[in-house]
Amino acid sequence: MGILKNNIEKEIDNKPIYIYSLENENSKICAFNKKIGVLNKNQFKIYNEFGNEETNLNIEITNPIFKTSNRFIAIAENGGQKLYIIEDKKIAWETSIEGNISQIHINKNGYVAVVITGTSYKSVIAMYDNSGNNLFNKYLSSTRLTDVSISNDNKYLALAEIDTSGTVVQSNVKIISIEQTKNDSSDSSQKTYQGPSGSLITNIKYQDKDRLICMYDDSIHLIANDKDEELINNDNKKITFSSIQLNNNIVNIEEKSSGLFTADSIVNITNIDNKSQKTYMVEDVTKEIYTFENIIALNLGVEVEFINTNGDLVKRYIANQEITNMVVSNSIAGIIYRDRIEIINL
């Protein structure tokens, strides 16, 4: 019998969700495609949207980093050496890394970048194709790496770096040609874009047409066609959350006072194709957001509102207790409690 058990079914917005009990509270949960994955005691069990166990894979990892894209999921040992790539419901390939894994990224075609620490370099980035072939390793000796992203067409690897050697913090974005670097590991295969002086880069994400979204602590930029353009500036705004982990959209949540002890959440969704903006308002303070492709989940404490990138409400979920953790994909969400998962089909 699997970890998840169908206990009860309850109604929300006139559509059922399914509630399952967790036999082990140390289980690690992820969402991908229309599946929920549960990793416990080296067993990775994959369940469909109805809670039926579809497969059980042997994954020798205890402290996982999950990254998902399209039909792929990458699972790595945080601070360890093991890496597994799952395609659909099968292990496509696995490997052991020299050094300690600190980050992983996988694109929609299954290309993987692994950030490695614990070597003689500040960071090493190992690049793999979708068959598990190591295309190249990139070595960073002085700068700190905050994020990596692979373009949807497998042509480019982007690195977000922070240089603290000077009097002012300098963030840089390096874009590397994967094909050229396979044949020539010198810096001739890369372009560097300097971020605003004093700004910290936190995340980067490739969108369609090789457009790279760069999120700083005070702004969001777009790098496309060899140009660096500021899309959003957060000066003089009370921005509580931002995310670029969407398809061709970015989201900012601005908190605005609505009374002496109350505030509203203004959700601003910007389309990077035409720079148009959609706004969605919640008469409550957002505690956390979770984003994936076209879904934005707003955790309001004991309620979650799922909206899409058009600014439309997809589903509203009301809990019986405070929500502290959840996982989201484009068509399924899991509300995680200590002893159970509540699966919501979006």
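These legends accompany several close-up views of a predicted model. Residues are numbered from 1 along each chain as its sequence is written, and side-chain values use heavy atoms, without hydrogens or water. Because the model is predicted, local features need pLDDT of at least 70 and side-chain atom pairs count only at pLDDT 80 or more, while totals for chains, interfaces and linings use all residues.

**View A. The largest pocket and the residues closest to its centre.**
Welcome to the largest pocket, with a volume of about 1400 Å³. Of the 50 residues that line it, K67, T68, Q245, T291 and F292 are the closest to its centre. A pocket here is an open set of points on a 1 Å grid over the protein atoms alone, where a 1.4 Å probe fits, with protein on both sides within 12 Å along at least five of seven lines; lining residues have an atom within 4 Å of a point. The volume is the space filled by probe spheres set on the points, which are joined across faces, edges and corners.

**View B. Strands in the pocket lining.**
Which strand gives the most to the lining of the largest pocket? Strand 7 does, with 5 residues. Strands that each supply at least two lining residues include strand 3 (28-32), strand 7 (64-69), strand 27 (288-292) and strand 31 (325-328). Strands are DSSP runs (E, at least two residues), numbered from the N terminus. By class, the lining has 23 nonpolar, 19 polar and 8 charged residues; Ala, Val, Leu, Ile, Met, Phe, Trp, Tyr, Cys and Pro count as nonpolar, Asp, Glu, Lys and Arg as charged, and the others, Gly among them, as polar.

N271 lies in strand 25 and is buried, with a relative accessible area of 19% (buried is under 20%, exposed over 50%, partly exposed in between, with a 1.4 Å probe and protein chains only). The side chain of N271 reaches the backbone nitrogen of D273 at 2.7 Å. Neighbours within four places in sequence aside, N271 is in contact (heavy atoms within 4.5 Å) with N248, N249 and S276.

**View D. Two loop residues with positive phi.**
K275 has a phi near 65°, a positive value in a residue other than glycine. K275 sits in the loop between strand 25 (263-271) and strand 26 (277-282), and is partly exposed at 39% relative accessible area. E293, also not a glycine, has a positive phi of about 55°. E293 is in the loop between strand 27 and strand 28 (295-299) and is partly exposed at 23%.

Definitions and conventions. Helix = DSSP H or I, 4+ residues; strand = E, 2+ residues; numbered from the N terminus. Polar contact = N/O pair within 3.5 Å; in protein donor to acceptor, adjacent residues only side chain to side chain.
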